[in-house]
Amino acid sequence: MTEDTRMQRGQTWLESLLKLMSVSTNVEAHLVEASQIQDGAAQEPDNYWLTVDETKLSSDQIKTLIGSEGNVLDAIQYLANATLNLHQSQGEQASYTVELDGYRIRRQAEVQAIASSAAEQVRASGQEVEIKSLSSAERRQVHTFLKGFSDLETFSKGKEPHRHLVVRQLP
């Protein structure tokens, strides 16, 4: 399957889902190239961003689609990834990020600030720091971001929905 086909499938799937939710709007899709990935902003090289056009949506529709702490947007993104990668070989799978009203961009900056703060705290105290309230995609973003710190390691512990990320100094 070509990149264009995967991107088109994602766009069509999300537009269909939104229609089923009685939300009539367009979705713009684009591939985030590996060269465009900065500071762990995308997790994989084949990361397709599906951006919902909010210009035709009311503020209540936008709030509902994003949900409390992004939980609805996260659920839509999870469904997109699970559905679009179903029955695809490993090499044909892709990562889909669903964006609405700049939420993902803002949240990525927040998550990076949390990761940087945790790294500073671990270095200053020598103690492990637990980061709670992150989605699995956000935990992956922190793992990727802190991979660049040679004196630190990260791991997840616990079970969903109480899974959290731990940052600690390497011995």
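A salt bridge here is a side-chain nitrogen of Lys or Arg within 4 Å of a carboxyl oxygen of Asp or Glu. Keep that cut-off in mind. This is a predicted model, and by that rule the count comes to eight salt bridges.

Start with Glu-110. Glu-110 pairs with Arg-107, and their closest N and O atoms are 3.0 Å apart. That falls within the 4 Å limit. Both residues sit in helix α4, three residues apart, about one turn of the helix. Here is the general point: an α-helix has 3.6 residues a turn, so residues three or four places apart point the same way.

Now, buried or exposed? Arg-107 is buried, at 16% relative accessible area. Glu-110 has 42% relative accessibility, so Glu-110 counts as partly exposed. Salt bridges with shared partners join Arg-107, Glu-110 and Glu-138 into one network.

Stay with α4, residues 103–125. How far apart are the end C-alpha atoms of α4? They are 33 Å apart. At 1.5 Å a residue, the 23 residues should span 33 Å, which agrees. After the helix comes Gly-126, with a positive phi near 80°.

Next, the strands. β1 pairs with β2, residues 47–52, in the antiparallel sense over six bridges. Look at His-30 in that pairing: its bridge partner in β2 is Trp-49.

Then β4, β5 and β6. β6, residues 164–169, pairs antiparallel with β5, residues 152–157, over six bridges. β6 also pairs antiparallel with β4, residues 129–131, over three bridges. In terms of residues, Phe-155 stands opposite Val-166 in β6. Ile-131 has Leu-165 of β6 as its bridge partner. β5 and β6 form a hairpin, with six residues between them. In that turn, Gly-158 has a positive phi of about 90°.

Glu-130 and Lys-157 meet in a salt bridge, 3.5 Å from N to O. Glu-130 is in β4 and Lys-157 in β5, 27 residues apart, and the pair links distant parts of the chain. Both are partly exposed: Glu-130 at 37%, Lys-157 at 34%.

Which residue meets Arg-139 in a salt bridge? Glu-160 does, at 2.4 Å from N to O. Arg-139 lies in helix α5, residues 136–146, and Glu-160 in the loop between β5 and β6, so the pair ties together parts 21 residues apart in sequence. Arg-139 is buried, with 5% relative accessible area.

Last item: helix packing. Two packed helices are described by the angle between their axes and the distance between the axes. The axes of α2 (residues 59–66) and α3 (residues 71–85) come within 4 Å and cross at roughly 60°. From α2, the contact uses Thr-64, Leu-65 and Ile-66. From α3, Asn-71, Val-72, Leu-73 and Ile-76 take part. By class, that gives five nonpolar, two polar and no charged residues.

Notes. Residues are numbered from 1 along each chain as its sequence is written. This is a predicted model: local features need pLDDT of at least 70, side-chain atom pairs count only at pLDDT 80 or more; totals for chains, interfaces and linings use all residues. Side-chain values use heavy atoms; hydrogens and water are left out. Two strands pair if DSSP finds at least two bridges between them. Helices (H or I, at least four residues) and strands (E, at least two) are DSSP runs, numbered from the N terminus. The expected span of a helix is 1.5 Å times one less than its number of residues. Axes are lines fitted to C-alpha atoms, for helices over the stretch in contact, and angles run from 0 to 180 degrees between N-to-C directions. Contact means heavy atoms within 4.5 Å. Ala, Val, Leu, Ile, Met, Phe, Trp, Tyr, Cys and Pro count as nonpolar, Asp, Glu, Lys and Arg as charged, and the others, Gly among them, as polar. Buried means under 20% relative accessible area, exposed over 50%, partly exposed in between (1.4 Å probe, protein chains only).
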